Amino acid sequence: GRISTGYRAGGFNDSSAYNPPILEEHLVNYEGGVKGLFMDQRLNMQFSAFFQDFQDRQQVAEMDAGLPLCSADQSTQCLSPTAESPLQEFTTNIPDSEIYGFEIQGDYYITPQFKVGGYYTFLESSLGTFSATTLGDPNPLVGSHTYLDQESGEMRTTAYNLPRDWTGSRLPQQPKHKWAITAAYETTFDSIPGSFNFSGWLNYTGERYPLVRNIESQIMAAYNRVDVRATWTSPEENLTISGFVQNLMDETGLVAYLPNGAGTNPLYVPKGTLTDPRRVGVIVNWSL
């Protein structure tokens, strides 16, 4: 078992008209598990479960700070009469967020030469009390705001997206299900000196949300990946030659995604990272 803690330093907002202090982010991690050898030591199994308690998780978002309208004698932070929206983008602290789950992994020797293994991870999370707007919201809550137009000097009313309650959302970039299956076979051939190892991996990464504001249209699809490798080792074990194929099925998966809006400005267009395409290669290792 293990109990560990960590923190992220606080600071001050400096990128908007609203500059509240940013509290330290604290995390307490609780973890327990068991591992052992079974079935005449042919099976090696490990199991662990964990619970992570986040306090004051730092999050940047566009939110309603509840600022009063500025007046001539007001010295505290306030909303300018010419502001076209009452919303401000700043870093806030979210209380009582949680991450929890478990992982099981192991290897089993079917024969002394043939081994299969793998792992499975279940991961769940829950965001604490949090309200904010988000890009791409298919059902936005709309409000109205009246402000002073600086060019015309007239009062104008505009619509804007109200913040929505995202309490309980899953944290970003966290697949609920992730697993892999591996197999390895070692053998020799009478006509060829040395030994051979043939191995393969099937990996699965489940669906993920890119943001703490969980919009279904933005969900990142699950994807698989298959890798294979064959390795020859010389009788003296000082020379190895490996041939490999990564991403055998040439499947494209979305590793990371930032739904950052639309348009042609490179600062605001959506951005993403894809898995590597199929890759074939040979590796030679020789030691004196």
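## Salt bridges in the predicted model

R279 pairs with D276 in a salt bridge, with 3.9 Å between the closest N and O atoms. A salt bridge here is a side-chain nitrogen of Lys or Arg within 4 Å of a carboxyl oxygen of Asp or Glu. This is a predicted model, in which local features need pLDDT of at least 70 and side-chain atom pairs count only at pLDDT 80 or more, while totals for chains, interfaces and linings use all residues. Residues are numbered from 1 along each chain as its sequence is written, and side-chain values use heavy atoms, with hydrogens and water left out.

The structure holds 7 salt bridges. Among them is the pair R8 and E25, whose closest N and O atoms are 4.0 Å apart. This pair links distant parts of the chain, 17 residues apart: R8 lies in strand β1 (residues 2–8) and E25 in strand β4 (residues 25–38). Strands are DSSP runs of E with at least two residues, numbered from the N terminus.

R225 and D227 also meet through their side chains in a salt bridge, at 3.0 Å from N to O. A network of salt bridges links E124, R170 and K176.

The table gives the accessibility of the paired residues. Buried means under 20% relative accessible area, exposed over 50%, and partly exposed in between (1.4 Å probe, protein chains only).

| Residue | Relative accessible area | Class |
|---|---|---|
| R8 | 46% | partly exposed |
| E25 | 9% | buried |
| R225 | 26% | partly exposed |
| D227 | 12% | buried |
| R279 | 41% | partly exposed |
| D276 | 39% | partly exposed |

How values were computed:
Helices (H or I, at least four residues) and strands (E, at least two) are DSSP runs, numbered from the N terminus.
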